[in-house]
Amino acid sequence: MAKTLVNLVITEFVAQEVDFSQLFSRQSANVKQTVRHEVVEPAVNAEHYPSNNQFCLIAVLGHSDRVDTPGLSAEQRREQERDASAKRATSASEWVFDQITAALTAAGENPPASVADATNFDIYTVPCGAADLVNVVPTNEAQRKENRRVEFAISTYFP
């Protein structure tokens, strides 16, 4: 049986920023706790208690704002958008993996060396570019920050 636990969106990347740990450090205590509870803990629990036969899948979707730089071709704009979204998704997935391994280590477990070595969780990234804009024609920086985001979709599977 599959159960989607959460679809969590973290916004507010500044222009050209792709490092999730920097973005995370600026989040409120409530957002930080939600990310730890809804994103990290399900994977830790799945890996820490393998006899429970649960599995956790974390999809990390990276999003970009529109690139409106004059003189660039449509292909060049799309490539820059895709690159930024891919870097955001990769950075966030690496951050999540680091949090999972730290929690497993603190619990006395030998954490997997990589996501590929994990037995009961998986993390994958999806670069979305600017294909799913919150604000299609952003008129200010606040709207652009809403477009620059990382989205976590977490599903757990039980027997």
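**Exercise 1: Phe-20**

Phe-20 has a relative accessible area of 0%, so Phe-20 is buried (buried means under 20% relative accessible area, exposed over 50%, partly exposed in between, with a 1.4 Å probe and protein chains only). A quick word on the source: this is a predicted model, where local features need pLDDT of at least 70, side-chain atom pairs count only at pLDDT 80 or more, and totals for chains, interfaces and linings use all residues. Residues are numbered from 1 along each chain as its sequence is written, and side-chain values use heavy atoms, leaving out hydrogens and water.

Task: find where Phe-20 sits and which residues Phe-20 touches.

Step 1. Phe-20 lies in helix α1 (helices are DSSP runs of H or I, at least four residues, and strands are runs of E, at least two, numbered from the N terminus).

Step 2. Leaving aside residues up to four places away in sequence, Phe-20 touches Ile-10, Phe-13, Ser-91, Ala-92, Trp-95, Val-150 and Phe-152 (contact means heavy atoms within 4.5 Å).

Step 3. Thr-90 is 70 residues from Phe-20 along the chain, yet their C-alpha atoms are 8.8 Å apart.

**Exercise 2: Cysteines**

Task: work out how many disulfides there are.

Step 1. Recall the cut-off: a disulfide is a pair of cysteine sulfur atoms within 2.5 Å.

Step 2. Take Cys-56: its closest cysteine sulfur, in Cys-128, is 19 Å away, so that is too far for a bond.

Step 3. The count comes to zero disulfides.

Step 4. Check burial too: Cys-56 counts as buried at 0% relative accessibility, and Cys-128 also counts as buried, at 18%.
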